[in-house]
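The following explanation is intended for a reader who meets this structure for the first time. It moves from the overall fold to individual residues.

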Amino acid sequence: MELFRRHFIYIQVLPDHFTGRVLGDKRTIRRACPSLDNRRDEIKDFSHIRHTLKAIFKELSPGFSLRRPVALMHFVPSHYVPTQVEVVNFKKSAERAGVSFCCISKWEAPHTDRELELIWTRL
């Protein structure tokens with residue numbers, strides 16, 4: 001039943017944008033975020049990031065559900081290396097943007113559908 005379905009959303013963080021998709025769905029969306037483009041120092045203001053994530057979560061999980069989605073935020077080290085403070089703030093921003101829980105990944109390569117299914121079954 002769609003009313004009780006919980007979506008698993010996979011977000012990749014790249015230097016100037018986010019890409020996101022729902023596990024089991026082939027549609028991928030891309031949203032630009034100018035706050036990610038400044039790599040001279042740590043990101044201080046996460047409000048633009050939160051608004052961008054909120055728009056992604058709203059578009060990827062349309063309709064009404066009693067359960068909020070779960071997200072996996074993936075920082076590919078060859079593209080974007082956050083500090084520990086930024087990782088904590090990204091997690092908080094995602095949870096404030098509309099997901100019930102956000103996992104963080106720093107794996108070297110993008111996750112495959114099979115890896116995402118294993119992560120989802122273990123949550």
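The model shown here is predicted. Its secondary structure consists of three helices and five strands. Along the principal axes, the C-alpha atoms fill a box of roughly 45 × 25 × 25 Å.

The next matter is how the chain packs against itself. Of the contacts in the protein with a separation of 6 or more, 67% are made by residues 24 or more positions apart. Buried residues make up 41% of the 123 residues. The accessible surface amounts to about 7,200 Å², and carbon and sulfur atoms contribute 55% of that area. As for charge, the protein carries 21 positive and 14 negative side chains, and the centres of these two sets are 6 Å apart.

A pair of aromatic rings is described by the distance of the centres and the angle of the planes. The structure holds three such aromatic pairs. In one of them, the rings of F8 and W120 have centres 5.0 Å apart and planes at 40°; because stacked pairs need planes under 30 degrees apart and edge-to-face pairs over 60, this pair is tilted. The pair links distant parts of the chain, since F8 belongs to strand β1 (residues 8-13) and W120 to helix α3 (residues 113-122), 112 residues apart. Are the two partners buried or exposed? F8 has a relative accessibility of 2% and therefore counts as buried. W120, with a relative accessible area of 28%, is partly exposed.

Two single residues complete the tour. R6 is found in the segment before β1. Its relative accessibility is 25%, so R6 counts as partly exposed. Which residues does R6 touch, if those up to four places away in sequence are not counted? They are R67, R68, P69, V70, S100 and W120. W120 is thus a contact of R6 as well as the ring partner of F8. R6 and C103 are 97 residues apart in sequence, and their C-alpha atoms are 15 Å apart in space.

T19 lies in strand β2 (residues 17-22). With a relative accessible area of 16%, T19 is buried, because the limit for that class is under 20%. Leaving aside residues up to four places away in sequence, T19 touches Y10, I11, Q12, L14, T28, I29 and R30.

How values were computed: Residues numbered from 1 in each chain as written. Predicted model: local features only at pLDDT ≥ 70, side-chain atom pairs only at ≥ 80, totals over all residues. Heavy atoms only, no water. Helix = DSSP H or I, 4+ residues; strand = E, 2+ residues; numbered from the N terminus. Buried < 20%, exposed > 50% of the residue type's maximum accessible area, 1.4 Å probe, protein only. Contact = heavy atoms within 4.5 Å. Areas by Shrake-Rupley, 256 points an atom, 1.4 Å probe, with all protein chains shown as cover. Lys, Arg positive; Asp, Glu negative; His and termini not counted. Charge placed at Lys NZ, Arg CZ, Asp CG, Glu CD. Phe/Tyr/Trp six-rings, centres within 6.5 Å; stacked < 30°, edge-to-face > 60°.
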